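Reader: I am new to this structure and would like a friendly tour. Could you take my questions one at a time?

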Amino acid sequence: MILGIGIDIVHLPRIARLVGSRGRDRFARRILSEQEHAEFRHLFGNASGAHEREVNYLASRWCVKEAVYKALYPRHRLVWKDVTLWKEQGKPMLLIADGGKYGIRQSHVSLSHDGHYATAMVILEN
């Protein structure tokens, strides 16, 4: 049974402005789970600045986390770091902290980038 469906779209220049105004590392620490933050540091090192690949990485995580939030709202309110996105053989996968507590047994995520936008759709099942 479907618990929830969530979708989000984000304008990449908006994320670039947030990264520019708050600082790359501060912004990354705010929205990324520990696993994602470790991957981010591994991929992009300690260099600062809103480079396109960094912005795409952060925007895609932002978008997925918003979609998960929308799929569970108003029953449950997650925080940024409760959701981890990773890839398994190129396929995006989700880990939701304490997902079983919310009745989540399976999750599906689709993520796309086009031009200045990233979009994500999430389906959560019990």
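Author: Gladly. A nonpolar core is a set of buried Ala, Val, Leu, Ile, Met, Phe, Trp, Tyr and Cys residues joined through side-chain atoms within 4.5 Å. Keep in mind that this is a predicted model.

Reader: How many residues does the largest nonpolar core have?

Author: Those with the most contacts inside this core are Ile15, Phe27, Leu58, Trp62, Val68, Leu94 and Leu124. In total, the largest nonpolar core has 36 residues.

Reader: Which element gives the most to this core?

Author: Several elements give two or more residues to the core, among them S1, helix H1 (12–22), H2, helix H3 (34–44) and strand S5 (117–125). H4, S2 and S3 are also on that list. With 11 residues, the element that gives the most is H4.

Reader: Which residues does Val68 touch, leaving out those up to four places away in sequence?

Author: Val68 is one of the residues with the most contacts inside the core. Not counting residues up to four places away in sequence, Val68 touches Leu78, Val83, Leu94, Ile96, Val122 and Leu124.

Reader: Is Arg24 buried or exposed?

Author: Arg24 is found in helix H2, residues 24–31. Its side chain reaches the backbone oxygen of Gly45 at 2.7 Å. Buried means under 20% relative accessible area, and Arg24 has 4%, so Arg24 is buried.

Reader: Which strand gives the most to the nonpolar patch on the surface?

Author: The patch is formed by Ile2, Ile5, Ile7 and Met121, with about 370 Å² of accessible area together. One of these, Ile5, has its place in strand S1. With three residues, the strand that gives the most to the patch is S1 (residues 2–11).

Reader: Where is Pro74?

Author: A cis peptide bond joins Tyr73 and Pro74, with omega about 5°. As for its place, Pro74 is in the loop between helix H4 (52–72) and strand S2 (83–88).

Reader: Is Gln89 buried or exposed?

Author: Gln89 is found in the loop between S2 and strand S3 (91–96). Its phi is near 55°, a positive value in a residue other than glycine. Exposed means over 50% relative accessible area, and Gln89 is at 85%, so Gln89 counts as exposed.

Reader: What is the phi of Asp98?

Author: Asp98 lies in the loop between S3 and strand S4 (106–114). At 53% relative accessibility, Asp98 counts as exposed. Although Asp98 is not a glycine, its phi is positive, at about 55°.

Note on methods: Residues are numbered from 1 along each chain as its sequence is written. This is a predicted model: local features need pLDDT of at least 70, side-chain atom pairs count only at pLDDT 80 or more; totals for chains, interfaces and linings use all residues. Side-chain values use heavy atoms; hydrogens and water are left out. Patches are made of residues with over 30% relative accessible area and no salt bridge: like charges are joined within 9 Å, nonpolar side chains (Val, Leu, Ile, Met, Phe, Trp, Tyr) within 5 Å. Accessible areas come from the Shrake-Rupley method with a 1.4 Å probe; for residues, only the protein chains shown count as cover. A salt bridge is a side-chain nitrogen of Lys or Arg within 4 Å of a carboxyl oxygen of Asp or Glu. Helices (H or I, at least four residues) and strands (E, at least two) are DSSP runs, numbered from the N terminus. Buried means under 20% relative accessible area, exposed over 50%, partly exposed in between (1.4 Å probe, protein chains only). A polar contact is a pair of N or O atoms within 3.5 Å; within protein, one must be able to donate a hydrogen and the other to accept it, and residues adjacent in sequence count only if both atoms are side-chain atoms. Contact means heavy atoms within 4.5 Å.
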